Amino acid sequence: MQNLSNGHFDVYLPYEDELTNSVSDEFDNIPSSQKHTKKRRKRFTNNIRKKQLIQSATKYQLKNKEVHKVAAAKYKKKNPEVNRVQVHRYEQNNPGGRSERRILPWKIKAFSGMKYESEIAYETDETVSLGTMSHKCVYCDALKFKEEAPGMCCSAGKVQLPSFLPLPEPLYSLIMGFHPDHKNFMDRIRKYNNCFQMTSFGAKQIIEDGFMPTFKVKGQVYHLIGSLQALPQQNPQFLQIYFVGDDERETRLRCSHFADVKQSLVKQLQAMLHHNNPYIKDLKTTLERVPQNSKNFEIIIHADRKPDNAHRGRYNAPTTSEVSLVIFGQQFEKRDIVLQSHDNKLQRISELHRSYDTLQYPLLFCHGEDGYSINISQIDPKTKLPLQKTVSASQFYSYHIMIRQTEINHLLYFRSLFNQYLVDMYAKIETERLNFIKNNQMQLRADNYIHLRDAIGRQDTDLTHLGQMVVLPSSFTGSPRYMHEKTQDAMTYVRHYGRPDLFITFTCNPRWREVSNALLSEQKSYDRHDIIARIFHLKVKTLMKLLTKGNVFGEVQCFMYSVEWQKRGLPHIHILLWLKQRISPDKLDCIISAEIPDPEKDSLLYDIIKANMIHGPCGNSNNRSPCMESGSCSKKYPRTFIQETQTGDDGYPKYRRRAPENGGFTVEINGNTLDNRWVVPYNPVLSRTFGAHINVEYCNSVKSIKYICKYITKGSDQAAFGFENDNDEVKLYESGRYISSSEAVWRILVFPIHERFPTVFHLSVHLENGQRVYFNPNDSSRLTDMICEILCD
């Protein structure tokens with residue numbers, strides 16, 4: 001009888017009576033009806049058993065990945081020929097299948113920056129992913145990312161402001177894309193707003209050379225307003241145009257300064273404002289009440305919207321007209337706007353006036369909504385009662401630029417006009433702070449004792465020129481003293497810990513998926529600097545967490561970073577890292593690369609480096625590149641080819657850059673073939689993780705430290721100029737500063753521009769005769785007595 005047990009079977013049940021070879025013929029002659037005894041269970045073939053073994057092995061591999069990985073590596077090492085055959089067979093049966101990247105989780109982060117593995121999905125790690133802007137504030141319904149501060153939008157319910165009213169037609173259709181003139185309007189939206197503005201926007205300089213993805217101004221920002229009616233033989237301007245009385249003439253006057261705006265569209269918007277804007281209606285009504293024989297009169301726009309008997313903090317809705325004629329002898333506040341009937345002078349509007357915003361941006365606030373004022377109280381989120389503290393300007397505008405699920409925030413749809421609004425409002429916030437500093441030390445001057453004593457001894461001394469009239473303290477974020485203090489902190493780290501190990505520059509990428517997902521319809525990244533600032537702030541926090549807690553390059557004992565803004569408005573940070581375990585020169589190639597990756601083995605990293613880490617091209621290929629100075633690249637590109645990394649004489653190493661004939665790769669950019677000479681040094685792990693421009697440099701000598709410490713704390717852009725009288729530090733700061741949309745929203749949301757660890761404590765050091773002396777310049781006798789007392793002691 002055939003041996004049925006040969007082979008692999010799961011179950012085998014024999015007949016009840018085992019048959020032998022001798023009775024096989026007799027068994028065949030038995031009728032079929034009598035042949036069956038007990039029913040046989042299903043017999044398993046070799047193919048079925050093989051499938052079961054494969055399934056079991058697959059389950060084991062999934063449950064024991066590390067064991068399988070080690071076993072497979074050992075087998076490949078012991079049987080290289082077998083492995084090659086299997087790989088070749090797989091490539092023939094699955095053409096292109098091997099190019100699909102195998103994805104592994106990023107489990108061990110410590111020292112992972114020194115060992116890049118293309119198979120690890122760095123970019124999808126849970127510590128890096130920001131998620132979506134879908135987390136709703138429990139107080140104000142603002143949509144935020146998971147890691148954003150809970151009080152960023154409404155200070156945990158303490159800021160409660162009225163919602164914006166819906167936009168009237170045709171403005172609503174114009175910004176939402178329903179109007180046939182939508183594209184013309186959105187491309188020239190600042191010009192259309194300028195046609196209707198009631199005040200003039202002023203600054204020392206408005207940067208508008210060529211295409212600017214951000215709105216940028218230099219110096220002080222202010223709003224000016226003129227008289228209600230134009231002088232004889234003068235054309236009406238700004239607010240005066242609203243009272244012409246002829247719609248056609250009014251439209252022509254508005255379009256006279258802007259040739260590319262559509263007159264028909266201006267006429268429609270003009271009618272909308274006359275019907276909806278309360279300031280226009282109240283001013284026209286007040287003018288009608290002026291007696292005909294009155295040639296000169298004044299009209300006042302009150303700074304506060306509240307009845308005399310109302311609570312000081314109530315954010316009241318208008319019950320009566322806030323515009324009125326000035327009665328002879330009437331007292332009004334300093335912040336009130338008093339308009340002359342006929343005058344050739346311009347007056348500056350107080351930044352604290354509630355109509356500051358709506359007079360300048362009539363399209364943003366066509367219903368005359370109030371802007372910031374100093375008498376808005378915070379609200380107790382539980383009792384809904386006013387608190388003693390008032391809402392700051394920063395809190396007010398942080399609330400108004402949030403996206404909320406329950407309402408449409410139309411401010412976010414106005415693109416370039418929204419960018420101008422952000423700069424204008426931050427300038428207001430900073431001006432309020434600077435005025436506080438100026439007004440609280442106007443009569444108090446300071447000078448070093450030794451200088452004061454020398455000056456008193458001279459007969460021709462003018463006390464009005466002694467001392468610092470207005471000191472801008474180091475507590476004011478961004479001031480020269482603030483930045484100088486941070487520079488000294490950096491040098492303190494150098495004295496205590498030695499030279500830093502790594503210098504990292506991280507630049508925002510406007511093409512991040514999180515940015516694209518948060519944009520509204522038809523918007524570009526440069527239309528929403530609020531989104532760019534919020535996402536970059538989270539990315540910075542993630543990067544610092546990886547560096548300091550994840551120990552990507554090893555344990556960090558000290559760090560500091562500073563935030564800056566490029567000319568095109570994108571934020572970037574400069575980071576200094578001090579590691580406990582120093583980086584030796586032989587490990588540089590493991591951490592920093594200045595070469596183009598292999599596009600076949602790692603196409604993802606190749607695309608990232610091509611898009612973010614290739615300099616230029618500049619030179620003969622592009623003479624107009626921003627880096628070009630006197631006919632050569634200021635960044636010293638292209639660099640030279642080098643086979644091995646070498647220590648440079650200037651404090652920076654010369655990283656390995658192999659030529660194409662020696663194994664290097666090339667990229668094609670704008671028709672130019674670029675090689676490793678154009679690569680900005682980077683770390684593969686950080687580049688893969690964040691998909692952005694991240695320049696990583698090794699600090700080799702003390703020579704580079706002074707430059708780095710000064711560069712990392714130089715602060716925002718400042719113009720270099722001088723005044724005849726340098727005693728007013730606030731005026732110097734205001735006149736020289738630059739403010740862009742991206743920086744404005746960063747500062748409105750109170751994101752830090754400087755971070756450091758560990759804390760540096762400042763100790764006062766007394767120098768002989770170098771102490772500060774505070775005095776009043778009008779009291780010269782008291783000043784002389786004070787000097788005599790000190791000399792006698």
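Trainee: How many salt bridges does a search of the whole structure find?

Mentor: The search finds 24 of them. A salt bridge is a side-chain nitrogen of Lys or Arg within 4 Å of a carboxyl oxygen of Asp or Glu. Keep in mind that this is a predicted model, where local features need pLDDT of at least 70, side-chain atom pairs count only at pLDDT 80 or more, and totals for chains, interfaces and linings use all residues. Residues are numbered from 1 along each chain as its sequence is written, and side-chain values use heavy atoms, with hydrogens and water left out.

Trainee: What makes Arg 756 and Asp 489 a salt bridge?

Mentor: Their closest N and O atoms are 1.9 Å apart. The cut-off is within 4 Å, so the pair counts. The two residues come from distant parts of the chain, 267 residues apart: Arg 756 is in strand E21 and Asp 489 in helix H16. Helices (H or I, at least four residues) and strands (E, at least two) are DSSP runs, numbered from the N terminus.

Trainee: Why is Asp 489 called buried?

Mentor: Its relative accessible area is 2%. Buried means under 20%, exposed means over 50%, and partly exposed is what lies in between (1.4 Å probe, protein chains only). Asp 489 is therefore buried, whereas Arg 756, at 22%, is partly exposed.

Trainee: How do you know that Arg 658 and Glu 595 meet in a salt bridge?

Mentor: The N to O distance is 2.9 Å, so the pair passes the test of within 4 Å. Arg 658 sits in the loop between strands E16 and E17, and Glu 595 in the loop between helices H19 and H20, 63 residues apart. At 26%, Arg 658 is partly exposed; Glu 595, at 8%, is buried.

Trainee: What joins Glu 123, Asp 602 and Arg 688 into one network?

Mentor: Salt bridges that share partners do that.

Trainee: On to the sheet. What is the order of its five strands?

Mentor: The order is E19-E12-E14-E13-E21, in an open sheet with antiparallel pairing. Two strands pair if DSSP finds at least two bridges between them.

Trainee: Why do E19 and E21 stand at the edges?

Mentor: Each has a single partner strand, so one side of each is left without a neighbour in the sheet. From one strand to the next, the twist averages 15 degrees.

Trainee: How do you know that E13 is joined to E21?

Mentor: Four bridges join them. At least two are asked for, so E13 and E21 pair. In one of these contacts between strands, Tyr 561 has Glu 755 of E21 as its bridge partner. Helix H16 packs on the sheet, touching E13, E14 and E21, and its direction makes about 155 degrees with that of E13. Contact means heavy atoms within 4.5 Å.

Trainee: How many residues does the largest nonpolar core have?

Mentor: It has 143 residues, and Phe 185, Phe 414, Ile 504, Phe 506 and Phe 553 have the most contacts inside it. A nonpolar core is a set of buried Ala, Val, Leu, Ile, Met, Phe, Trp, Tyr and Cys residues joined through side-chain atoms within 4.5 Å. Helix H18 gives the most to this core, with 11 residues. Apart from it lies another core of 18 residues, including Leu 605 and Trp 678.

Trainee: What makes Phe 111 stand out, although it is not a glycine?

Mentor: Phe 111 has a positive phi of about 60 degrees. Most residues other than glycine have a negative phi, and most peptide bonds are trans. Glu 522 also has a positive phi, near 70 degrees. At 52%, Glu 522 passes the mark of over 50%, so it counts as exposed.

Trainee: Which residues does a cis peptide bond with omega of about 5 degrees join?

Mentor: That bond joins Glu 169 and Pro 170, and Pro 170 is in the loop between strand E2 and helix H6.

Key:
Axes are lines fitted to C-alpha atoms, for helices over the stretch in contact, and angles run from 0 to 180 degrees between N-to-C directions.
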